[in-house]
Amino acid sequence: MMRKCPKCGSRRVAPILYGMPAYSEEMEQQLKEEKLYLGGCCISGMEPTYHCFQCKKDVGAPPILLSKRGEEDYRDVVTSVRFSDGGFFGGYPEVLAIKGKDKITLDVRPGFREPEAYLQRLMTEQEWNKLMDRLFSKLYLHEWKKNYVDPNVLDGEQWELELKLSGGRVRNYGGSNAFPPYWAELKTTFRPFFKEAGVKF
């Protein structure tokens, strides 16, 4: 079950039922209690799987990128992930994972004040796939806004998540003192890498 909407953060989300439903009293009750949402009869295989009753958006679509190349799964075309989070006084700790032809490298740095990496090692294919699956299947990254900014705060916490894709394509997400609904889960995703490097995060 999706715990909260990746668009607005509301927990008023419910699975979408597609097709011609067989109405029953139980279904009527589920619809009234916002435990179910009817999505219509047209099915293509690309449909969102949840509906948010707060922002009225259908969410939870497969992580598919539609381009001139056709349909591409984000998890198959990401070639690098860079995540940094911090502030001016504490620096900007960073995790950088790069998938090459023969190997996947992991580089964890404490911030701009200390450029030497705390950790440099190879990642396993299993680690990489787990990271990709979490970003797109658990955190629904492909449905996030690109920027989150609180204009009332001039300093504080800034973060950035950069994904490079095959073909020179780039996807940037970031913010300044404002965060996506799955922010805590995003930090939890990268915290083990910082911990392994001995970086406080």
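Here's a quick briefing on the strands and helices of this structure. It's a predicted model, where local features need pLDDT of at least 70 and side-chain atom pairs count only at pLDDT 80 or more, while totals for chains, interfaces and linings use all residues. Residues are numbered from 1 along each chain as its sequence is written, and side-chain values use heavy atoms, with hydrogens and water left out. Helices (H or I, at least four residues) and strands (E, at least two) are DSSP runs, numbered from the N terminus.

**The hairpin**
- Strands β5 (residues 64–67) and β6 (residues 70–73) make a hairpin, with 2 residues between them.
- They pair in the antiparallel sense over 4 bridges (pairing takes at least two DSSP bridges between two strands).
- Leu 66 has Glu 71 in β6 as its bridge partner.

**The open sheet**
- Seven strands line up as β10-β9-β8-β7-β12-β13-β11 in an open sheet with mixed pairing.
- β10 (119–123) and β11 (147–149) each have a single partner strand, so one side of each is left without a neighbour in the sheet.
- From one strand to the next, the twist averages 10° (axes are lines fitted to C-alpha atoms, for helices over the stretch in contact, and angles run from 0 to 180 degrees between N-to-C directions).
- β8 (residues 94–99) and β9 (residues 104–109) pair in the antiparallel sense over 6 bridges, and Val 95 stands opposite Val 108 in β9.

**Helices on the sheet**
- Helix α3 (residues 125–138) packs on the sheet, touching β7 (78–86), β8, β9, β10 and β12 (158–165) (contact means heavy atoms within 4.5 Å).
- The direction of α3 makes about 70° with that of β7.
- Helix α4 (residues 183–197) lies across β7, β8, β9, β10 and β12, and runs at about 90° to β7.
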